[in-house]
Amino acid sequence: MSPIVSPAELKNIHTENLIILDARAGKDMHQNYLEKHIKGARFIDLDKDLADIGDDAAFGGRHPLPSVEKFAATLADLGIVQDSHIVIYDDKNGANAAARAWWMLRSFGLKNVQVLNGGMQNAEKNGIEFSSGEESFEKADLIESNHWVFPVSDLETVENELKNNTSVVIDVRDAYRYRGESEPIDLVAGHIPGAINIPFSENLDENGNFLKPEILKEKYAAILDEKPGHLIIHCGSGVTACHTILALDYAGLSIPDLYVGSWSEWSRREGKEVAKDI
C-alpha cells in the first residue's frame, strides 16, 4: 500500500475498517476539529497521543515518543484494530503531525496506513465531505506490541556517527533555522555540526502535494551520492522529520533512522557544539 493517498482515492474507499485521523496540531486544534473536520474523522493529539512530554527537553526533546504500551491504549481508545485502514491528514501537507502519526502507526506494526496528499485544504478542494462536533465510535481491544519497528537514534548515536563519518544526518528544518539566522521555537539557533540541510518543504510541489515517487527518488539519490548509506533524519522535535521519512518511503527507499530528540534536545544538552552558517 502506498503511504500517500489522494482525495479521489479516499472517496473510493468504502470498506468498513476505514478510520480517518485528524492530526492537526497547535493552539486550539481540538476546538478547530470540533468546528470542522472530514466527516467521520477522529482527533489525535500531538502532545497527548503522539508524544510523552517530559520535564526537561534536554533529555528526549520537546516531543519524545510515548511507550508502545501507552500508544496501544491510545489506539484502543480510537477504535483502531490490526486490520484498520487508516488515513491521516493535517493542515500542513503532512508536516504538522500527520507524518508523525503515520510513522508511529507503521512503527507500531500496522500495515494499512496512509497520509492524505495535500491535507485538509486539498480535501476541501476535491469535494470531500466535512462535518462538525464529536464523532461517535466504539473503542477497540488492545493490540499487543513491545517495541517500535522503525529504527531510531539517540543523541549519542548521532554524535558518534558524525564523528566517524558513518552516517548522513539530515536536518529537515527551514534553511534559515539551520543556518542559525533565527530560531522561533527552540532556545538556540543553529544546527548540529556535520548535519546537512534538506528542508522538508522540498518534498512538495508548488501545490503542496508530494512530488512524484520517481522524482523524490532521483532527488535524494543525487544529493546522497557517494555519501554514507546510513541515514539519520531530524528536525526540531522529531515531528517534521517524519515528513521526510514518509517521502523516502513513498519514493521506495529504505526507512532511515529517526532522531527523536532532534535539535530541541541537542541544543539544550550542556556541552554540545552548535554550528551556524550565516
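Start by selecting arginine 106, which sits in helix H5. Helices here are DSSP runs of H or I with at least four residues, strands are runs of E with at least two, and both are numbered from the N terminus. Before going on, know that this is a predicted model: local features need pLDDT of at least 70, side-chain atom pairs count only at pLDDT 80 or more, and totals for chains, interfaces and linings use all residues. Residues are numbered from 1 along each chain as its sequence is written, and side-chain values use heavy atoms, with hydrogens and water left out.

**Around arginine 106**

Is arginine 106 buried or exposed? Arginine 106 counts as buried because its relative accessible area is 19%; buried means under 20%, exposed over 50% and partly exposed in between, using a 1.4 Å probe and protein chains only. Now show its contacts, meaning heavy atoms within 4.5 Å. Leaving out neighbours within four places in sequence, arginine 106 touches Lys111, Val113, Val149 and Phe150.

Step just past the end of H5 and you reach glycine 109, which has a positive phi of about 120°.

**Two sets of strands**

Next, colour the five strands of the open sheet, which is parallel and ordered S1-S6-S5-S2-S4. Two strands pair if DSSP finds at least two bridges between them. The edges are S1 (4-5) and S4 (42-43), each pairing on one side only. Inside the sheet, S5 (residues 85-89) and S6 (residues 113-116) are joined by three bridges; look for isoleucine 88, whose bridge partner in S6 is valine 115.

Then move to S9, residues 168-171. What lies on each side of S9? Val168 and Ile170 are on one face, Val169 and Asp171 on the other, and all are buried. S9 runs parallel to S11 (residues 231-234), with four bridges between them, and valine 169 stands opposite isoleucine 232. S9 also runs parallel to S10 (residues 196-197), through two bridges, with aspartate 171 facing asparagine 197.

**Helix H7**

Select H7, residues 155-163, and highlight its buried residues: Leu155, Val158, Glu161 and Leu162. Looking down the axis, these fall within an arc of 135°, so they line one face of the helix; the arc is taken from the directions from the helix axis to the C-beta atoms. Their cover includes S8 (152-153), S9, S11, S12 (257-259) and helix H11 (262-266). Just after H7, asparagine 165 has a positive phi of about 55°.

**The pockets**

Finish with the open spaces. A pocket is an open set of points on a 1 Å grid over the protein atoms alone, where a 1.4 Å probe fits, with protein on both sides within 12 Å along at least five of seven lines; lining residues have an atom within 4 Å of a point. The largest pocket has a volume of about 460 Å³. Of its 20 lining residues, Ala95, Asn96, Arg177, Ile185 and Thr240 are closest to the centre.

The second largest pocket holds about 200 Å³. Among the residues lining this pocket are Tyr220, Asp225, His230 and Pro256. Helix H9 (residues 213-224) gives the most to its lining, with three residues.

Terms used: Grid points are joined across faces, edges and corners, and a volume is the space filled by probe spheres set on the points.
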